[in-house]
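Here is a friendly walk through one structure. Take a look at the model first, and then we'll go through it piece by piece.

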Amino acid sequence: MLFTVLVLVLMFRVLLHTPSPSPHAADTALQVTFITREAPPAPRATAPEDVTPVARPPATASEHPRPPTPPTVAATSPPPPASERMAATLYSRTGSARLADATAVNPFAEPDASPPGTENARELARAKKVLERPNPIDYKPTAFDKDWTTDGTLGDVAMQGIGRGMKKINKAIFGPDIQAAKARPPPDVRFNPALHERQQDLGSEATGDAYKAAPIAFEKAPGHDGEASRRIRDALAELQSQTAACEPARMQPLLATVRTHLGELEQVERAYAKGADPVMAEQLLPRQADSAYDLARRALWYAREKTADCRR
């Protein structure tokens, strides 16, 4: 309680010693006086050599003193039209600001002078590129960069050292002549279903792919220009002509399998004709063509075996 009373007393003494505002402070105000601009006197149409100073009456004590009026030179030509005055620019050819007749400046007119400090082409080009930061060092890499340490940051130097170390390790492991990895085609192995280790992987009647175990030799596609698909279509047309007396419900599943692999073969041939990717044309597409051609042949053999009783 006593501490509160002391704080209040100190605040009261501070308020008592606060200086009061001056009574004349409110009377101070900014006065602005507008002076009307007088129009310049019109020139007299006289001879060119007639230069006559303009006489003025003596100034009285009641009038304000005015600066002496310069002598008037007689004009030899009429004043320029307003269109020429509107074509004026904000800067003269020397770079100084043109403020004599600011009301006659046309802001949409093409400037006839450069801004101050751009009298020549070099300074003008430098002013246009004020926000560009060109590379001060035009460096071009050479063949000796691998033998020098980079001048970059500490991380760049570390990455360069790691790269050189990995090259040494690869050279020690794989030898001086390191060849790029390249896929190799599968070996040419003659397929014999009778010698297969797991017969259930070849296909069965229950799964509907028993044609995969047909006991015929494996053959690669004779070409990728349409020859393989032509041979399969000819064999399929011959099979359809021979099984015309067979029931359609019996022939449709067998022929559908042949047409499925024939479509895969034609898709590969179209890829070759339209220009396939070089890597795919070298590694993937030949394997797909050989597989589709072989499976189509096996499906044809299986269809002939299943329709032997009704073929002509």
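To get the expected span of a helix, take one less than its number of residues and multiply by 1.5 Å. Keep in mind that this is a predicted model. Helix 6 covers residues 248-274, so its 27 residues should span 39 Å; the end C-alpha atoms sit 37 Å apart, which agrees.

Which residues of helix 6 are buried? They are M251, L254, L255, V258, H261, L262, L265, V268 and E269. Helix 5 (227-242) and helix 8 (284-306) are among the elements that cover them.

Now for the largest nonpolar core. It has 27 residues, and those touching the most other members are I232, V258, L265, Y293 and L300. Helix 5, helix 6 and helix 8 each supply at least two residues of this core, and helix 8 gives the most, with 10 residues. As a general point, nonpolar side chains tend to be buried together in soluble globular proteins.

| Residue | Touches |
|---|---|
| Y293 | E219, K220, A221, P222, A228, R231, I232 and L265 |
| R298 | F191, P193, Y211, K212, A214, I216, A217 and F218 |

R298 is found in helix 8. Is R298 buried or exposed? Its relative accessibility is 2%, and buried means under 20%, so R298 counts as buried.

Note on methods:
Residues numbered from 1 in each chain as written. Predicted model: local features only at pLDDT ≥ 70, side-chain atom pairs only at ≥ 80, totals over all residues. Heavy atoms only, no water. Helix = DSSP H or I, 4+ residues; strand = E, 2+ residues; numbered from the N terminus. Buried < 20%, exposed > 50% of the residue type's maximum accessible area, 1.4 Å probe, protein only. Contact = heavy atoms within 4.5 Å. Core = buried A, V, L, I, M, F, W, Y, C linked by side-chain atoms within 4.5 Å. Lists of a residue's contacts leave out its neighbours within four places in sequence.
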